[in-house]
Amino acid sequence: MTTFTVKAINSVTGEFVTESATFGAKPAFGFNSSLDGGLTAAASTLGCKSFTTAKIFNSSIPASYPGHTGIPSSVKYPLVTIRVALTTSSPWISSADQASLAAVYKSMPVTGIPMVTINNEAEGAAHGYTTAQIIGSHNTSYNIFKANAPANAIYTQNLMTYSASSGGRGSNFHSWVFCKASGGVDLPVYFLDWYPTSSTTSAANSIIPAFNGIKSLVPSAQIGIGENNWIASSQSTGYAAGQLAWFKDSWAWAVSNNLAYYIAFFYAADNKPFPPTDPAVTAELSSIAHDSGL
Amino acid sequence: MSAPVILSIAFSPANPVTGQTVTATVSYTPGSSGQLFTFKATATDKVSGLTAPVSGSFTVTEPDATTWDTSGNDRVWNQVSDNGAQAVFTAQF
């Protein structure tokens, strides 16, 4: 729920009254553009309108945004992530890659809310980067974005909920968030890839540490979900209560906590096929899509 | 003298999704302030010529213009219009 507060002031006497009212704002719902069968078929499977948001992966810097063809025109709020190999010293991105990024940012559409980031989940230990590399490279990338992207475009950072857990970066999570406090700038939106911290950790408990961590650093930022499912690619066991419970609980939490985007991740090669093996999960995704306004 | 009275606040759409523009319509009655007037007259007896003053005061109450403050919200609300009974604001979600 969102609260709107307004003060009405008598322009002659200065006397005033303040009133507030609340209303609901649901997250935009979508999938990764690489899900089995594609986005258009997925909307048909769920019996919903075309998706307005989707996550699009690029394993290298594309020639232009979003880096792939076949993205439905309905996707007005795409989240594009670009993998960039970082250097070992400032400015952390090679000159050639900086030029390539400039071309991508310059090509972002002037309509909708196109979003872009580099190095999805790169704060994770598996990537082998330091905080200096992560924060510094986002600084370099952000400055290139500012100089080249259209006014309606948004620069973001996509982290993992797991990174805020004791098995991830734990109490040092804040050092990996690109924001003013870490030497960068406060971004308007941050994305979290949301998977169970363990097979017995609820959806809420899996996200709360990272959500609170970012909100404590940048209270005004929107939070979006960049990926979501009951089992991460690194896990052998999914959420113990099941995939259906995971999506029911995570959507309810996303709505209650005013998340801006909720992008689910399905990919057969990653043990998360679409449509889901359980028709009840498909029905739940359909319900979520309709609740989001689709 | 009085402050405005806000009667209701309505939103359209009522359940926006991210990316939509939300319109908030605030229905209200303006505040007012009064201006004091004094009426003075002299009554004269036409036969005797004796006079007596008479006076009285009254207040004219008029509605005052309203200004609005939406700062402090978690997003920017822009005023679109105000016709003296409804003020309209929009914000991007």
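Helices (H or I, at least four residues) and strands (E, at least two) are DSSP runs, numbered from the N terminus. The legends below concern a predicted model, in which local features need pLDDT of at least 70, side-chain atom pairs count only at pLDDT 80 or more, and totals for chains, interfaces and linings use all residues. Residues are numbered from 1 along each chain as its sequence is written, chains are lettered from A and ligands numbered from 1 in the order in which they are written, and side-chain values use heavy atoms, with hydrogens and water left out.

View 1. S206(A) is buried, at 1% relative accessibility (buried means under 20% relative accessible area, exposed over 50%, partly exposed in between; 1.4 Å probe, protein chains only). A polar atom of the S206(A) side chain lies 3.0 Å from the backbone nitrogen of T197(A). Residues up to four places away in sequence aside, S206(A) touches T161(A), W194(A), Y195(A), P196(A), T197(A), T201(A) and W246(A); contact means heavy atoms within 4.5 Å.

**View 2. L259(A) in the loop between α5 and β11 of chain A.** With a relative accessibility of 2%, L259(A) counts as buried. Among the residues that L259(A) touches, leaving out those up to four places away in sequence, are P27(A), W194(A), I207(A), F211(A) and W253(A). K76(A) is 183 residues from L259(A) along the chain, and the C-alpha atoms of the two are separated by 17 Å.

**View 3. Cis peptide bonds of chain A at P66(A) and P275(A).** Most residues other than glycine have a negative phi, and most peptide bonds are trans. Y65(A) and P66(A) are joined by a cis peptide bond with omega of about 5 degrees. P66(A) belongs to the loop between β4 (53-58) and β5 (77-82) of chain A. The cis bond between F274(A) and P275(A) has an omega of about 0 degrees, and P275(A) sits in the loop between β11 (261-264) and α6 (279-291) of chain A.

**View 4. Positive phi values at W92(A) and N271(A).** W92(A), although not a glycine, has a positive phi of about 75 degrees. The loop between β5 and α2 (95-106) of chain A contains W92(A), and this residue is buried, with a relative accessible area of 16%. N271(A), also a residue other than glycine, has a phi near 65 degrees. N271(A) is placed in the loop between β11 and α6 of chain A.

**View 5. The contact between chain B and chain A.** Chain B gives 34 residues to the contact and chain A gives 32 residues. About 2,500 Å² is buried between the chains, with carbon and sulfur atoms giving 62%; buried area is the accessible area (1.4 Å probe) that two parts lose on being put together, summed over both. Between chain B and chain A, 7 residue pairs are in polar contact, both residues at pLDDT 80 or more (a pair of N or O atoms within 3.5 Å; within protein, one must be able to donate a hydrogen and the other to accept it, and residues adjacent in sequence count only if both atoms are side-chain atoms). On the side of chain B that touches chain A, the largest share, 4 residues, comes from β5(B).

**View 6. Strand pairing of β1 of chain A with β5(B).** Strand β1 (residues 2-10) of chain A and β5(B) pair in the antiparallel sense over 4 bridges; two strands pair if DSSP finds at least two bridges between them. D69(B) in β5(B) stands opposite K7(A).
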